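Let's take a walk through this protein together. Have the sequence and the 3D view open, and follow along as we go.

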Amino acid sequence: MQAVLQTKGILSLPSNPRTRAFHPPPSQGLRHRFNPLNPLLKPNSFNGSSLSLDGFSKFQGFVTKPQLVGQKNKTFPICRAEAAAASADGQPVYGEKESPKFMGIELVTLKKIIPLGMMFFCILFNYTILRDTKDVLVVTAEGSSAEIIPFLKTWVNLPMAVGFMILYTKLANVLSKEALFFTVILPFIAFFGAFGFVLYPLSHYVHPTALADKLLNILGPRFLGPLAIMRIWSFCLFYVMAELWGSVVISVLFWGFANQITTVEEAKRFYPLFGLGANVALIFSGRTVKYFSQLRQNLGPGVDGWAISLKGMMSIVVVMGLAICSLYWWVNHNVPLPTRSKKKKEKVKMGTMESLKFLLSSRYIRDLATLVVAYGISINLVEVTWKSKLKAQFPTPNEYSSFMGDFSTATGIATFTMMILSQWIFDKYGWGVAAKITPTVLLLTGVGFFSLILFGGPFAPALAKFGMTPLLAAVYVGALQNIFSKSAKYSLFDPCKEMAYIPLDEDTKVKGKAAIDVVCNPLGKSGGALIQQFMILSFGSLANSTPYLGGVLLGIVLIWLAAARSLDGQFTALRQEEELEKELERAAVKIPVVSQNENGGNGSLASGSTLNPTGGDSASTSSESSSPRNV
């Protein structure tokens, strides 16, 4: 029996096909059973053509049919399988010029990726400077302390973020993408420049210090945080604008632009490198903050060293911002946009109540939501308490800023190292261990941090031998906690969270992610701030609340670990089930072969005949008149 493939439509077999010997290379697998090559002909002979189904020469990408008398010369595109095979071999489709490459990367791709990488570096460089500076301003200002941060995040930052997104949505409906980008980013650049050279030098004249002092005497010290927002309103405005730079310029503007001009294949290849580049920006910007913070040492008496440092850092922010605008303009006018499918996927939108119902209905989604909320609350509880001790150890703005520069550099180095090690951790220990590392780090360092705060007296003699006080030791342990928890979050927690969605069915995956985005992310970010506000108003100050905050942190981390353990069992079971289904599907796959008699025409399917992918063609089942057919 002569085995052939049934082809219809644009591909057809001639009535008298040529018969050639069948010599597939043993290492080429199943594909060469359908596309064997004549061993006497080299693959690149005939100027890139190869033998087609009917024995005629076939160029890459087109099959030539036998021409009838008077018929015009026509070429027909090959089927998708042929095109995929050609592209898999790295051969360009006929008629398309191969793009020039540099070090294996197409120049068109490099024209996108290099400017994007430079933009991302500048944005993260600015963000690190702004993040360190905003804490210095609001924590070390006269009449303020770290207690202002929970109130600032809840009652100023959150409303302004909501208001900005409403404004951004309205602007997106009337402006082009390029105009929208510049309309959003230029006010940020202008504000930071104006703050360094105008608002901060005039802060003594524009801040209502006398009114804030009068209200503080009436309401009592427990209202120090809320009143400090009014007392240093320009610093609080800087704080909010710095926070919005992280959420708006990084998340909305940069990633929106990157997703607009890159393909999925380019994103898979180059987006992880952006993460490494972000940590390099952390290292360099941390050194920059350290340098400007130490300028005070070279200035004469009576000079406001922090004002000089602020002008230098804001000048760099403005220059980097203008560089971002220039790179964006160049990419928009010199790089072609990739073609996109016009078919849009329908996105599931869930309200708050619908999200809550869906969260409660699935144990898997509940555990995943617990991880997200627990991280947001835990990091907020520790960070604010640590910053209050940091101010006690480094009371002046220059000292505080200098320490934050070292902190940012150490965070960048630790995160860079952890991102390299994370692949090894996932491969050797699996998802469960990787998911438990972040809460374990928070638990161990949290116990040390709160122990030094609450029971520092007995440790004082031992610490004195190392030249440290309990306060300084608590600052260093708190810094280590923030460094390692953030590096573990970026390198392990975020990948674990995204991986947990993979084995879910499509409906649960889409609805679960929507529910967590609507409910859990805001709840985690504001939950810690609300807990701190309640305790400050109840116990009078953040210092009096420290023992209770330590207890709350311990309980939340234990719940986090329990949820991670539960989710690990469910995740493993789903993965095993998915692998089993794939194995069953592979075992059940059969490739039908068409039989054709020597006198027949197009042929018909041979019932029960299969092509054995490992054992070759079976000779025992073929009839005497059948012979191998080269297709």
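Asp406 counts as partly exposed, because its relative accessibility is 30%. Please keep in mind that this is a predicted model.

Now step back to see the whole chain. The protein chain has 19 helices and nine strands, and buried residues make up 43% of its 631 residues. Its accessible surface comes to about 33,400 Å², with 63% belonging to carbon and sulfur atoms. Of the contacts between residues at least 6 apart in sequence, 77% join residues at least 24 apart.

How far does the predictor's confidence reach? The average pLDDT of the protein chain is 76, and 71% of the residues score at least 70. Over residues 19-94 the pLDDT stays under 50, and the model has 91 contacts beyond four places in sequence for them. Residues 341-347 also keep a pLDDT under 50, with zero contacts beyond four places in sequence. Where pLDDT is low, the predicted coordinates should not be read in detail.

Next, look inside. In soluble globular proteins, nonpolar side chains tend to be buried together. Here the largest nonpolar core holds 135 residues, and Ile185, Phe188, Phe192, Trp245, Met314 and Trp386 touch the most other members. Helix α10 (residues 233-261) gives this core its largest share, 17 residues.

Side chains of opposite charge can pair when their charged atoms come close. A search of the whole structure finds ten salt bridges. In one of them, Lys134 pairs with Glu243, the closest N and O atoms being 3.1 Å apart. That bridge links Lys134 in helix α4 (residues 107-140) to Glu243 in helix α10, 109 residues apart. Lys134 has a relative accessible area of 3%, so this residue is buried.

Asp135 forms a salt bridge with Lys387, where the closest N and O atoms are 2.9 Å apart. Here helix α4 is joined to helix α14 (residues 363-393) across 252 residues. Asp135 is buried, with a relative accessible area of 2%, and Lys387 is buried too, at 5%.

Lys486 sits in helix α17 (residues 470-499) and counts as buried at 12% relative accessibility. Beyond four places in sequence, Lys486 touches Tyr375, Glu383 and Phe407.

Finally, turn to the outside. Phe197, Val198, Leu202, Tyr205, Val206 and Trp233 form a nonpolar patch on the surface, with about 610 Å² of accessible area together. Helices α6 (177-199) and α7 (203-206) each give two or more residues to this patch. Trp233 lies in helix α10, and its relative accessible area of 35% makes it partly exposed.

Terms used. Residues numbered from 1 in each chain as written. Predicted model: local features only at pLDDT ≥ 70, side-chain atom pairs only at ≥ 80, totals over all residues. Heavy atoms only, no water. Helix = DSSP H or I, 4+ residues; strand = E, 2+ residues; numbered from the N terminus. Buried < 20%, exposed > 50% of the residue type's maximum accessible area, 1.4 Å probe, protein only. Contact = heavy atoms within 4.5 Å. Areas by Shrake-Rupley, 256 points an atom, 1.4 Å probe, with all protein chains shown as cover. Core = buried A, V, L, I, M, F, W, Y, C linked by side-chain atoms within 4.5 Å. pLDDT = per-residue confidence, 0-100. Patch = residues over 30% accessible without salt bridge, like charges linked within 9 Å, V, L, I, M, F, W, Y side chains within 5 Å. Salt bridge = Lys/Arg side-chain N within 4 Å of Asp/Glu carboxyl O.
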